[in-house]
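Trainee: I would like to go through a model with you, feature by feature. Where do we start?

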Amino acid sequence: MALSRRNLLRNGWKACGGLLASAAAWTTWELLRPLTTNAAGGKIKVGSAADFAAGTATYVREGRFWLANADGHLFALSQKCPHLGCRVPFCESSGRFECPCHGSTFDIGGEWIEGPSPRGMDRHPVSVDGDILVVDTDKKITGPDHGAKAFFSPAKGPSCREGS
Amino acid sequence: MSDVLPDKAQPAPERDALEPDVYPVREGIFARVRHTETWRSVFRHPHLDTPRGRALQSFSNVFLHIYPVKVPARVLRFRYSWRLGYIAAVLFGILVVTGVYLMFFYTPSVTSAYGDMQQLRTGVGFGQLVRNVHRWSAHLMVLVVVAHLVRVFLAGAYKRPRQFNWVVGLGLLVITLIFSFTGYLLPWDQLSYWAVTVGTNLVDYVPVIGNLLSGLLIGGEQIGQATLVRFYALHVAVLPGALGLLLMVHIWRVRKDGFAVKRGGIGAFSEGASEVAMDPPVPAETAMAETAVVTEDGRRVRLLGVVDRESVTAEERLTDDTVFTWPHMLVRHVVVGLGVAATVLALGVAFAAPLKDIANPNLTPEPAKAPWYFVGLQELLNHFDPLVAGILVPTGVLAVLAVLPYIDRNPATEARNRKVAISAFVIILVLAVVLTVVGLAFRGPGWKFVPPWDHNYIEM
């Protein structure tokens with residue numbers, strides 16, 4: 001195609017149209033991208049490691065996670081089920097996490113035992129600042145795969161689910 | 001001017017001179033009003049019960065102009081289309097009207113949305129009824145749009161030349177689903193909160209960009225104020241515009257692509273007039289043997305060649321089976337429209353739209369189900385890998401449906417000549433219905449199998 005004035009102008013208009021479309025896409029993205037202020041809430045101090053006895057899980061409301069002590073290993077487990085986002089409660093009687101929505105069950109370390117969840121519960125990194133545990137809820141570690149059985153133990157007692 | 005174009009320079013004749021019978025002078029006050037310039041500036045011509053009058057009725061009215069002036073008589077039969085597309089459009093109209101009413105009483109804020117719903121129920125005259133009608137119409141619209149798709153498929157009406165309109169219709173189905181889904185969250189009760197939680201988490205299973213997509217959709221990590229405003233804006237502004245625009249294209253294309261009407265002897269719903277062979281062809285050697293013949297009027301003619309049989313054809317004479325849209329089609333549409341309105345009104349009077357406790361992110365109900373049109377997907381997710389159930393199956397089905405009119409080269413429209421297409425479609429349809437019914441009615445806490453006669457976990 002020869003570079004005539006007509007072609008130059010025609011392609012110029014197309015280029016302008018493309019630029020305009022990119023500007024619109026960029027603006028839309030900046031306006032609609034997920035708000036960071038809606039995230040779980042930064043770094044959260046949860047107290048001393050001694051406060052969390054082995055085999056227990058404590059709910060930390062401001063960070064929407066469970067602090068679980070699995071045989072001395074402390075995990076901050078996101079309450080959001082990896083399956084479809086239901087809140088996973090800890091069942092005291094069985095000593096396991098049992099999702100009421102679709103029947104996914106996790107051990108005290110958040111590892112998958114049964115149900116439709118594609119993996120174990122997601123975790124937040126835990127660090128120690130002096131004596132105080134700090135959980136960084138802005139970061140998320142994808143939960144362990146189905147094979148992980150490091151903290152598996154038989155159910156302590158009856159399940160908390162209705163009808164089972 | 002008049003030198004150049006003498007023919008066209010004639011002054012336009014007065015309207016009454018052109019149509020002396022159009023405004024017959026009659027006695028009485030109304031006749032005189034109809035004669036005024038004001039009246040005639042609004043209504044260009046009176047109702048005339050003649051073919052010309054009926055055509056003028058369509059030409060000069062912007063709303064009637066949606067319709068063609070005449071339609072094939074077969075289109076009038078209810079069983080031609082079951083009026084499903086039209087019913088869906090009527091439901092959309094009802095949803096717009098009731099939706100605007102609801103907007104007067106609703107604020108998209110997590111602190112006030114639920115209270116607004118309660119106020120609507122107890123403190124606003126007919127508030128509960130309008131909400132009921134809105135909800136049942138929305139559910140019905142999803143159902144009718146799907147039925148429309150099934151019907152068009154079974155009739156083979158998506159085939160040439162209507163391929164693109166089928167794709168447009170598919171877009172309308174997707175918009176309808178998003179429409180219903182965004183509206184689902186707005187009451188901000190436990191049912192809406194967790195159904196939308198489960199629904200948006202399905203998006204997380206999209207490979208690579210899943211988290212980004214669900215983040216864009218809900219505006220953060222979990223459903224909250226950002227989500228509510230987003231869904232509200234989509235529901236009352238973006239989606240009505242998108243659906244209205246696409247619906248215009250859809251209806252326009254119905255007219256321009258022609259109605260799917262059975263014609264002539266060959267395949268039903270074929271595009272134009274059929275062709276039929278005239279006389280049996282003369283065998284070539286016989287014809288060539290007598291190279292010169294004398295015709296009846298004494299001229300000598302010579303046969304120079306013999307053409308193939310196929311081209312010795314004549315167009316079958318088309319009988320004019322069309323009727324005027326006004327009033328034949330219009331009367332039927334008014335009747336069906338009133339029937340739809342009566343149905344949703346009766347549903348609204350009989351059944352209240354649910355309103356559970358206020359949304360509580362820390363209390364998951366047992367079980368948490370997606371809205372009914374997505375619950376089949378949720379059930380599928382229970383049996384298969386998320387990548388398969390959440391992504392490959394739904395996008396695969398949509399993609400195959402979208403390219404279907406272009407890959408289905410079989411011109412036949414009768415079921416007996418489309419055994420493969422029809423059986424494949426019916427199998428997928430039955431699977432989808434079974435999954436939906438199981439997920440909707442047969443699943444209890446922990447997604448365990450609970451028949452509805454033991455305990456009813458159906459939520460609409």
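Mentor: With the contact between the two chains, in what is a predicted model. Contact here rests on C-beta atoms within 7 Å. Chain B puts 25 residues into the contact and chain A puts in 21 residues.

Trainee: Which helices of chain B each supply at least two residues of the side that touches chain A?

Mentor: Helix H10 (190-203), helix H11 (210-218) and helix H15 (372-383) of chain B do. H10(B) gives the most to that side, with four residues.

Trainee: What is the secondary structure of chain A?

Mentor: Chain A has one helix and 11 strands. Read from the N terminus, its elements run α-β-β-β-β-β-β-β-β-β-β-β.

Trainee: How do strands of a sheet pair?

Mentor: Strands of a sheet pair through backbone hydrogen bonds, in either a parallel or an antiparallel way. In chain A, an open sheet of four strands has the order E2-E3-E4-E9, and the pairing is antiparallel. Its edge strands in chain A are E2 (57-60) and E9 (123-124), each of which pairs on one side only.

Trainee: How many bridges join E2(A) to strand E3 of chain A?

Mentor: Four bridges join E2(A) to strand E3 (residues 65-70) of chain A, and the two run antiparallel. To find one on the model, take Tyr59(A): its bridge partner in E3(A) is Trp66(A).

Trainee: What percentage of the residues in each chain is buried?

Mentor: Burial is read from how many other C-beta atoms lie within 10 Å, with 20 or more needed. Buried residues are 34% of the 164 residues in chain A. In chain B, which has 17 helices and six strands, buried residues are 28% of the 460 residues.

Trainee: What share of the contacts joins residues 24 or more positions apart?

Mentor: Among contacts with a separation of 6 or more, such residues account for 50% in chain A. In chain B they account for 72% of the contacts with that separation.

Definitions and conventions
Residues numbered from 1 in each chain as written. Chains lettered and ligands numbered in written order. Predicted model: local features only at pLDDT ≥ 70, side-chain atom pairs only at ≥ 80, totals over all residues. Buried ≥ 20, exposed ≤ 12 C-beta atoms within 10 Å, placed from the backbone. Contact = placed C-beta atoms within 7 Å. Pairing = 2+ DSSP bridges.
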